[in-house]
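Here are a few exercises to work through with the model open beside you. Try each task before you read its solution.

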Amino acid sequence: MSPRRLTKVAVSATTLALLGSMAACGSDNTAGGSGGGGGGGGGTADVWALQDTNLNPIEQASIDRYNDGDGPGAAKLSTFGNDPYKQRLRTAINSPQAPDVFFNWGGGSLKEYVDAGKIEDLTPMLNDNPDLKNAFLPSVLAGAEIDGKQYGLPMRGVQPVLMFGNLDVLKANGINEMPATWDDLLADVATLKTAGIKTPIALAGSQSWTELMWAEYLLDRVAGPEKFQAIRDNGGSAWSDPDVLKSMQMLKDLIDAGAFGAAEDFSSNSYDEGATSQILANGDAGFHLMGSWEFTNQLGNSPDFVNGGGLGVAPFPTISGGKGDPSNLVGNVSNFYSVTSASPNKEAALEYVKTALTDPTYVSDLIKAGDVMPIAGAREQLAAADNGEYLTQVYDLTSDAKNFQLSWDQDLAADQASKMLTELSNLFLGQQTPEGFVAAMAG
């Protein structure tokens with residue numbers, strides 16, 4: 001997931017806040033806050049996570065419980081600011097200073113370390129502990145599955161991309177439901193344009209990861225997840241698939257219909273600065289495609305809008321004749337804890353991830369903080385929490401998803417992801433054609 005997305009949530013979230021204020025350097029929160037030390041050998045496993053004023057206390061409490069238990073060795077928590085974390089990890093993982101357990105997003109960034117032989121295969125542990133494997137939603141667990149082997153376990157909630165709407169604006173213009181199909185969305189955009197709404201769909205165009213959400217869903221709905229899987233695995237010519245071009249042409253049609261307003265306007269909108277969330281809440285747009293954290297931001301910044309029933313939430317529309325399953329989701333599948341294969345404290349590291357992430361108190365604490373935990377049976381806890389209707393909606397969509405695709409910019413190698421975002425931004429600005437986009441990516 002993009003650090004930028006998380007940073008924004010930290011600024012504005014209240015109930016479901018994901019990240020708190022971040023410092024540029026790491027901190028070592030030595031374990032044993034409650035006098036732990038653990039039983040048996042195994043040394044002390046260093047657990048790396050992002051700095052987060054809301055969640056670090058929950059993570060520290062988890063480590064304290066582990067250290068108070070009978071597991072081998074002990075654990076300690078080290079936290080790092082979001083932006084420097086990846087570089088710090090990249091440098092450390094090839095050195096004796098590598099962590100024993102580390103936070104990651106799964107997908108391509110984790111695969112890079114797996115291919116280098118740096119990550120412990122957790123498959124034998126799951127095979128020996130089927131209750132542990134069955135505790136997680138399969139679509140989420142798959143986010144850290146590489147070449148049929150499991151290299152991470154979910155340690156946070158799910159964050160799918162959803163369609164948000166201003167129900168008051170829609171109803172005022174005769175639109176009584178969120179769009180179920182692509183044709184519905186095109187018709188709604190035309191209706192809102194005719195009514196004089198210059199920006200039917202809010203778009204933070206200064207940050208191309210927001211534009212990527214549209215491309216991801218369109219290709220999935222048109223062709224199914226196998227097309228992107230081919231791109232991820234093979235790159236190059238896989239971008240030349242006719243379904244990629246069709247998806248980009250459909251996106252171009254939406255842009256040319258004025259769905260996002262004028263390029264000079266949406267290209268200056270920043271999600272991190274709250275521009276598009278405010279546009280939706282103010283009634284200057286009918287829709288906003290964004291990660292599930294948008295609910296948190298709206299609740300924190302525009303509580304009257306949310307509590308008054310003005311915020312609508314729905315899955316991405318289906319596409320007539322499309323091959324993709326309508327239940328498919330894209331976004332941030334979860335965050336994962338992985339174990340380094342050269343860990344000198346591997347026994348303690350493996351025992352920690354095996355026992356701590358499904359601990360009822362850990363799961364309960366995260367739900368109270370607003371995370372939609374990908375744990376089987378968590379639905380009842382979510383339903384009883386504040387905003388339980390929304391939380392269970394996200395849980396059900398994730399549970400029912402036939403496929404949950406990690407955001408492409410996290411799933412692709414860094415150089416390919418950067419090129420893709422640049423070409424996509426050019427398409428939205430009218431400086432690139434769908435054919436040109438495909439040629440550039442396939443070249």
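**Exercise 1. Find the backbone oxygen that the side chain of N269 reaches, then describe the surroundings of N269.**

Step 1: look for a polar contact, meaning a pair of N or O atoms within 3.5 Å, where one must be able to donate a hydrogen and the other to accept it, and where residues adjacent in sequence count only if both atoms are side-chain atoms. The N269 side chain gets to the backbone oxygen of L203 at 3.3 Å.

Step 2: N269 sits in the loop between α13 (263–266) and α14 (275–281); helices are DSSP runs of H or I with at least four residues, strands are E runs of at least two, and both are numbered from the N terminus.

Step 3: check burial. N269 has a relative accessible area of 14%, and buried means under 20%, exposed over 50% and partly exposed in between (1.4 Å probe, protein chains only), so N269 is buried.

Step 4: list the neighbours. Leaving out residues up to four places away in sequence, N269 touches L203, A204, G205, S206, A275, T276 and I279 (contact means heavy atoms within 4.5 Å).

A note on the numbers: this is a predicted model, where local features need pLDDT of at least 70 and side-chain atom pairs count only at pLDDT 80 or more, while totals for chains, interfaces and linings use all residues. Residues are numbered from 1 along each chain as its sequence is written, and side-chain values use heavy atoms, with hydrogens and water left out.

**Exercise 2. Work out how F102 and Y113 pair, and which parts they tie together.**

Step 1: apply the rule. Rings of Phe, Tyr and Trp (its six-membered ring) pair if their centres lie within 6.5 Å; planes under 30 degrees apart are stacked, over 60 edge-to-face, and the rest tilted. That gives 21 aromatic pairs.

Step 2: classify. The F102 and Y113 ring centres are 6.2 Å apart with planes at 90°, so this pair is edge-to-face.

Step 3: F102 belongs to strand β4 (residues 101–104) and Y113 to helix α4 (residues 107–115), so the pair links parts 11 residues apart in sequence. Both F102 and Y113 are buried.
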